[in-house]
Amino acid sequence: MGLTRKGLLRPLSAAVAMAATTVLVAGAAAAPVDVDPVEVAPAPGAAAPAPRADLSHHGYVSLWGDHIAIRIRSENRGPSDVTASTVRVRFSAPLAASQELPYGCLRGGKATVLCETGGLRSAGGARQTALDLTLAGSPDEVVVRLDTVWSGGARDTDRTNDVHEVLAPATGDAYAF
């Protein structure tokens with residue numbers, strides 16, 4: 001089992017954020033707190049609310065010598081379909097300058113790779129991404145950070161299952177996230 005550490009900061013729901021910034025005037029009626037503003041019909045001429053989805057990424061990381069392998073299973077638990085999404089994988093050690101990346105992936109910096117997952121249907125099948133990379137050196141361990149950077153315009157209110165941080169010692173063992 002891998003050593004994972006999830007982010008301590010989580011986004012506030014829109015209802016909580018609105019309630020936290022609401023100023024009441026004496027004698028004014030307060031809006032109901034339990035109303036989810038995403039479900040309220042937009043005002044005429046206003047943009048429709050973003051669809052909601054729940055993207056998740058799980059898999060494992062394995063490090064040995066200067067090689068690191070990552071297997072990612074991306075899926076959408078709904079309720080809306082996602083037309084496209086992008087997962088970002090960041091490393092605490094720089095990657096070798098020359099890399100052969102799979103189709104749909106590109107370098108995002110010295111220690112970052114971005115991979116598109118394609119469309120993800122609500123409660124549909126998962127997409128697999130396999131990265132076999134070479135590091136610039138042979139570190140004793142690497143921290144891998146994985147998150148969604150594009151969700152096709154859908155709003156994901158549960159980021160706990162698509163943001164991961166994994167410590168991968170250079171043992172060749174698979175560390176899960």
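Trainee: What should I know before I start?
Mentor: This is a predicted model, where local features need pLDDT of at least 70, side-chain atom pairs count only at pLDDT 80 or more, and totals for chains, interfaces and linings use all residues. Residues are numbered from 1 along each chain as its sequence is written, and side-chain values use heavy atoms, leaving out hydrogens and water.

Trainee: Okay, which strand pairs with E4 over five bridges?
Mentor: Strand E6 (residues 112-116) does, antiparallel to E4 (residues 86-91). Strands are DSSP runs of E, at least two residues, numbered from the N terminus, and two of them pair if DSSP finds at least two bridges between them.

Trainee: And how many bridges join E4 to E8?
Mentor: Six, also antiparallel, with E8 covering residues 141-150. Arg 88 stands opposite Leu 114 in E6 and opposite Asp 147 in E8.

Trainee: New topic: which residues have the most contacts inside the largest nonpolar core?
Mentor: Ile 68, Ile 70 and Phe 91, in a core of 24 residues. Such a core is a set of buried Ala, Val, Leu, Ile, Met, Phe, Trp, Tyr and Cys residues joined through side-chain atoms within 4.5 Å.

Trainee: Is Asn 76 buried or exposed?
Mentor: Asn 76 is buried, at 2% relative accessible area; buried means under 20%, exposed over 50%, and partly exposed in between (1.4 Å probe, protein chains only).

Trainee: What does the side chain of Asn 76 reach at 2.8 Å?
Mentor: The backbone oxygen of Ser 80. A polar atom of the Asn 76 side chain also lies 3.3 Å from the backbone nitrogen of Asp 54.

Conventions:
Helices (H or I, at least four residues) and strands (E, at least two) are DSSP runs, numbered from the N terminus. A polar contact is a pair of N or O atoms within 3.5 Å; within protein, one must be able to donate a hydrogen and the other to accept it, and residues adjacent in sequence count only if both atoms are side-chain atoms.
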